[in-house]
Amino acid sequence: MSAEVKVLIQGYAKQVGKGWKASSTVTLIKSGNKKIIFDPGCNREKLVLALKKEKLKSSEIDFVVLSHGHIDHSGLTGVFENADIITFENLMYKKDNQLEFNPRIMGKDTCVIETPGHTSEHISLIVKTKKGTCIIAGDVFWWVDGEKQIIDINKMDDSHPKELNMKQLIKSRKLVLQKADYVIPGHGLMFQVKKH
């Protein structure tokens, strides 16, 4: 039986004055008997409502996977009191114990891949589903609200210039597009990859 993927909250990003109003896409993955949240975001009200709609309690989540450390993606990690945290450092935290991450722990239908560029330690999650391969890509791809979602591997990402490595980001974008049938971006709508 293959895994299921559901976007609970579509990520958004909007420049407001000299700052931003932003929270990441929050995705629920069910792999075997495991429930996984990829990037819990930072909007508590939206997260609580999304979980309630799914008839899920925060205590029922087994794993939280963080694509990278930016607060708009990782801010609500602590909401999931029983979850083991899979980090962008390729480590797993069980409460306050830091452990080596076992790639098979979340089930045979999931695989963490390194996708640096937006930040050096960025990761994405490959999930095998009935519809095909879905990659939850964090900020490998993202768009601001109202921007047309054009898939351009060379599109400049200037949100965090101190951490950015465009050369690595382009490689990561190519990798994601090569492996995925569907991509869930950090901010914006899920899209299907057109294979040539």
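Colleague: At about what angle does helix 3 run to strand 12?

Modeller: This is a predicted model, and in it helix 3 covers residues 166-179. Helix 3 lies across strand 10, strand 11, strand 12, strand 13 and strand 14. Its angle to strand 12 is about 155°.

Colleague: Nice! In what order do the five strands of the open sheet stand?

Modeller: The pairing in this sheet is mixed. Strand 10 (110-114) and strand 14 (191-192) each have a single partner strand, so they stand at the edges, with one side of each left without a neighbour in the sheet. The order is 10-11-12-13-14.

Colleague: Now the pockets! Which element gives the largest share of the lining of the largest pocket?

Modeller: That pocket has a volume of about 300 Å³. Of its 14 lining residues, the closest to the centre are Ala3, Glu4, Val5, Thr129 and Lys131. Strand 1 (4-9) and strand 13 each supply at least two lining residues. The largest share, four residues, comes from strand 1.

Colleague: And how many charged residues does the lining of the second largest pocket have?

Modeller: The second largest pocket has a volume of about 220 Å³. Its lining includes Trp20, His70, Asp72, Asp139 and His187. Strand 3 (19-23) and helix 2 (71-74) are the elements that give two or more residues to it. By class, that lining has five nonpolar residues, five polar ones and, for charged residues, two.

Notes:
Residues are numbered from 1 along each chain as its sequence is written. This is a predicted model: local features need pLDDT of at least 70, side-chain atom pairs count only at pLDDT 80 or more; totals for chains, interfaces and linings use all residues. Side-chain values use heavy atoms; hydrogens and water are left out. Two strands pair if DSSP finds at least two bridges between them. Contact means heavy atoms within 4.5 Å. Axes are lines fitted to C-alpha atoms, for helices over the stretch in contact, and angles run from 0 to 180 degrees between N-to-C directions. On a 1 Å grid over the protein atoms alone, a cavity is a set of points where a 1.4 Å probe fits but cannot get out, and a pocket is an open set with protein on both sides within 12 Å along at least five of seven lines; lining residues have an atom within 4 Å of a point. Grid points are joined across faces, edges and corners, and a volume is the space filled by probe spheres set on the points. Ala, Val, Leu, Ile, Met, Phe, Trp, Tyr, Cys and Pro count as nonpolar, Asp, Glu, Lys and Arg as charged, and the others, Gly among them, as polar.
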